[in-house]
Amino acid sequence: MALFRSPCSPLPPTLRLAHLLNTSRSKLSLRSPIAMASSSASEHNDSMRASAKLFHVPALNANEMEQIAEKTMDRYSRCNDAKRKGRGTVIVWFRNDLRVLDNEVLFRAWCSSELVLPVYCLDPRHFATTHYFGFPKTGALRAQFLIECLEDLKRNLVNRGLDLLIRRGKPEEILPSIAKSFGAHTVFAQKETCSEELGVEGRVRDGLQLEALSSVSTSNELSGADPSIDAEPQHASGISSEKGPQLHLIWGSTMYHIDDLPFSTAHLPDVYTQFRKSVESKCRIRDCIKVPKYLGPAPSTNDWGCVPTLKQLGISVDQACPTRDEVFGGENAALSRVHEYFWKKDLLSTYKKTRNGMVGADYSTKLSPWLASGCLSPRLICEEVKRYEKERVANDSTYWVLFELIWRDYFRFLSIKYGNSIFHLGGPRKVKSNWSQDEKQFDCWKDGRTGYPLIDANMKELSTTGFMSNRGRQIVCSFLVRDMGLDWRMGAEWFETCLLDYDPCSNYGNWTYGAGVGNDPREDRYFSIPKQAKTYDPEGEYVAFWLPQLHVLPKDKRHFPGRSYIQQIVPLKFGNIPRQDGTQIISSGRQRKSRR
């Protein structure tokens, strides 16, 4: 949905993601060093004009979305029949699970306590720069999407008797301090898989332990007690002063639970098909966790904090940008898009036929931004697919949404097996190759100035909306790596900056796959621009939408307009003429290679 291979990153974009987004988002600009993410206004005039005609996803008004979300919340919530046997106060540390429904972290925290304190930390490292090439880690479009997700989460928690405590700073500094202030005995959070997130988890755990030791030491000094004697537990809060608050991590980001896999992640198959067939035949997808309708009461505090503005995150908005009263991010919008795509427009039954499209709001589910931010659970999508199959129709298209979600699971599990190698130049297979890091050529690629309309249109869509189709991602990756010979990590980090649906597992998993350094057995995959254009944009509708100067040209000239367009920066590595069967047989040295 917008993994390279799966439109399910399947499930592309977001919420009113005005074909994803609208003009206001397209005019967001970043301060240094984030300013690197924005091109000059003159370079984007064409895409600005196109953005004014973008589609809304979902195409529903605020009242419709509220009603749909309310009904879905009722369907996937439980009446207050769950027994709450816990004591004291616990913290729910929200990370990439910004939802209420099917949130096991939230449910387990509620069951284990008398009071639940939801917390979100605005980690400044998320707004710093990428590891190798210094792009903004979070571009303006995704920052705005995050703001909307937090606003929506806060509202939904308030509706259930809680609230969201928002603090700016590093979680390893904020959470121990909050645990001490509120006397919390446990911090519950969703388990992550990549090194940066794992590092934060470790530092949070260490910080909680240090806070506990400090509290015990201070208590002993004040009481004159022998520090070798165990102190009495603080029964009011449920904290054992000996151990202090604990960090309890819960798996919750995949459709198939990690504990249900028929193999350890160390023995995960290196071929997706083998993985898929194994889990489909040997595993059961767990039911959604039904969270109680009422989760209160919340602890008392005079300062819950505020959802930040872009300016407070160091991101400025063009003053000419109109004020938006639409909510693009958040769980309510995600649930509304599921309802719209599945039930209102009845598009699920044709998904497999349309998923490789490039123009419009409904060629794919466009759920991936909500999946990436955790506003939407993959298990809830699965249950809605199963309900649709029972009430309407079951076919290849309904299955294909689940097929793409399994791809998403696969990349997450691969990130555990291969660790940091998915971020390294040679990838998991440690491939050695001479990659260029030519900045001028890369700028032409990222700004949509390559001279190839299909590449340029996709890159302008990305910078304007924060989204690109699954097909487009594969094409621009192949062009960067195969035709331009540039370091694939430059492309991966630029996607990290721009994508609304960015998550490290899917993004870097797909880039290693596309660059031929991952675990793909077909390592030299090449996407022929002429073939892709002919198959997926035969009349040049897509390129003319994002490059309006091409609209006046005959449809058969739009992809290769010659002197009517900017000069091509590199020749295509394997030529332009595909065979009738859709492949190109290329003689490269002594090896013959099949091309898409």
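Mentor: Helices (H or I, at least four residues) and strands (E, at least two) are DSSP runs, numbered from the N terminus. The model is predicted, so local features need pLDDT of at least 70 and side-chain atom pairs pLDDT 80 or more, whereas totals for chains, interfaces and linings use all residues. Residues are numbered from 1 along each chain as its sequence is written, and side-chain values use heavy atoms, without hydrogens or water.

The protein has 20 helices and eleven strands. Between strand E8 (291-292) and strand E9 (315-317), the loop holds Pro297, which a cis bond with omega about 0° joins to Gly296. Most peptide bonds are trans, and most residues other than glycine have a negative phi.

Asp346, between H9 and helix H10 (351-354), has phi near 55°. Lys366, between H10 and helix H11 (368-373), has phi of about 55°. Their surroundings can be stated by relative accessible area (buried under 20%, exposed over 50%, partly exposed in between; 1.4 Å probe, protein chains only). Asp346 is partly exposed at 33%, whereas Lys366 is buried at 0%. Across the protein, buried residues make up 60% of the 596 residues.
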